[in-house]
Amino acid sequence: MPRTNAGEIRRVGVEVELGGLSEERVAEIMQQDLGGDIDTRPEQGSVLRGSSLGDVEVYLDSRYLADAETQLEKCIREIAAAVVPVEIVTAPLQPSDIPKLDAVLQSLRRAGATGTNAGIFLGFGVHFNPEVTGTDLSDVLPILTAFALYEDALRDEAHIDLSRRALPFVDPYPRALVDALARGGIADMTALIDLYLKKAPSRNHALDMLALFTHLDPDRVGKVMDLKPIGARPTYHYRLPDCRMDEDDWSLALEWNRWVTVEKIAQNAALLDQLKDGWKKHRGSFTSLRGDWTKASRTMVQAAL
């Protein structure tokens with residue numbers, strides 16, 4: 001869905017975690033490709049301002065390290081740089097700009113940047129923050145339902161790295177949430193937020209809805225969650241993909257197209273109903289495994305799209 005309900009081009013913020021290079025080197029290479037000026041912030045990384053992709057932040061992805069003040073904390077920061085990723089965070093982009101960012105990642109790769117497969121504990125990821133088309137239940141519920149019902153197939157296709165599966169970064173949705181979404185009968189956005197907070201109260205899901213729900217109803221979310229680490233914004237926070245920038249057949253475009261599949265499912269009411277019915281039958285069987293649902297959901301989607 002390329003435009004919002006108001007007719008504006010939808011934008012997407014992109015976050016990429018990588019290793020192998022310092023924050024300073026990443027910013028320099030990005031400046032070479034994108035132009036702009038580097039604004040260095042002591043102990044808080046850099047911002048590439050006025051680039052052809054707008055402002056882009058580059059920093060060591062650790063809040064407690066970014067605020068280091070004592071000498072001990074600074075030493076910890078230097079040690080942690082070996083395993084804590086450098087994160088690139090873009091301003092909201094048009095999806096047509098994703099190939100330009102892909103090209104920058106290739107430049108970083110040639111300079112020695114690495115992805116999640118470079119080490120056993122390096123759970124580096126990519127996050128997309130696509131702007132919502134609107135904030136009504138009819139805008140949001142189909143997207144959430146489509147993702148929940150297709151998540152197993154997405155995870156299988158993406159071959160999520162063991163380090164990211166083992167760490168609490170991209171936990172799958174609890175089956176109880178998927179059950180409720182498949183049953184339907186959710187009356188309004190308040191009911192949807194309450195359901196999510198009851199069944200999946202965590203920021204660490206592959207599709208984190210808390211940023212959007214906090215934007216819509218901070219008081220309701222704040223009764224259950226600590227709001228400080230949640231960046232309220234009118235976007236879906238899709239955080240499933242690994243960063244595999246040092247692999248030949250990987251790209252941001254590949255991962256973005258997987259998200260596009262979720263939106264296509266959401267727009268296809270007949271397919272969405274088929275997936276709901278299929279999930280309920282799957283859950284009602286005593287002999288089915290979660291891997292069976294991966295195959296069944298993929299078959300349905302491939303036949304319909």
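## Helix α5 and its end

His159, which follows helix α5, has a positive phi, near 50°; helices here are DSSP runs of H or I of at least four residues, strands are runs of E of at least two, and both are numbered from the N terminus. The model is predicted, with local features requiring pLDDT of at least 70 and side-chain atom pairs counting only at pLDDT 80 or more, while totals for chains, interfaces and linings use all residues. Residues are numbered from 1 along each chain as its sequence is written, and side-chain values use heavy atoms, with hydrogens and water left out.

Helix α5 itself spans residues 137-158 and carries a kink of about 55° centred on Tyr150, the bend at a residue being the angle between axes fitted to the seven residues ending there and the seven starting there. The helix is mostly covered, with 18 of its 22 residues buried (buried means under 20% relative accessible area, exposed over 50% and partly exposed in between, with a 1.4 Å probe and protein chains only).

## Salt bridges across the chain

The model has 16 salt bridges, each defined as a side-chain nitrogen of Lys or Arg within 4 Å of a carboxyl oxygen of Asp or Glu. One of them joins Glu57 to Arg41, with the closest N and O atoms 3.4 Å apart. This pair links distant parts of the chain, since Glu57 lies in strand β4 (residues 54-60) and Arg41 in the loop between β2 (37-40) and β3 (46-51), 16 residues apart. Glu57 is partly exposed at 29% relative accessibility, and Arg41 is likewise partly exposed, at 22%.

Asp242 and Arg244 also meet through their side chains in a salt bridge, at 2.8 Å from N to O. Here Asp242 is buried, with a relative accessible area of 1%, and Arg244 counts as buried at 10% relative accessibility.

Asp277 forms a salt bridge with Lys280, the closest N and O atoms lying 3.7 Å apart. Because the two residues are three apart in helix α12 (residues 269-284), Asp277 and Lys280 are separated by about one helical turn. An α-helix has 3.6 residues a turn, so residues three or four places apart point the same way. Asp277 is partly exposed at 39% relative accessibility, as is Lys280, whose relative accessible area is 41%.
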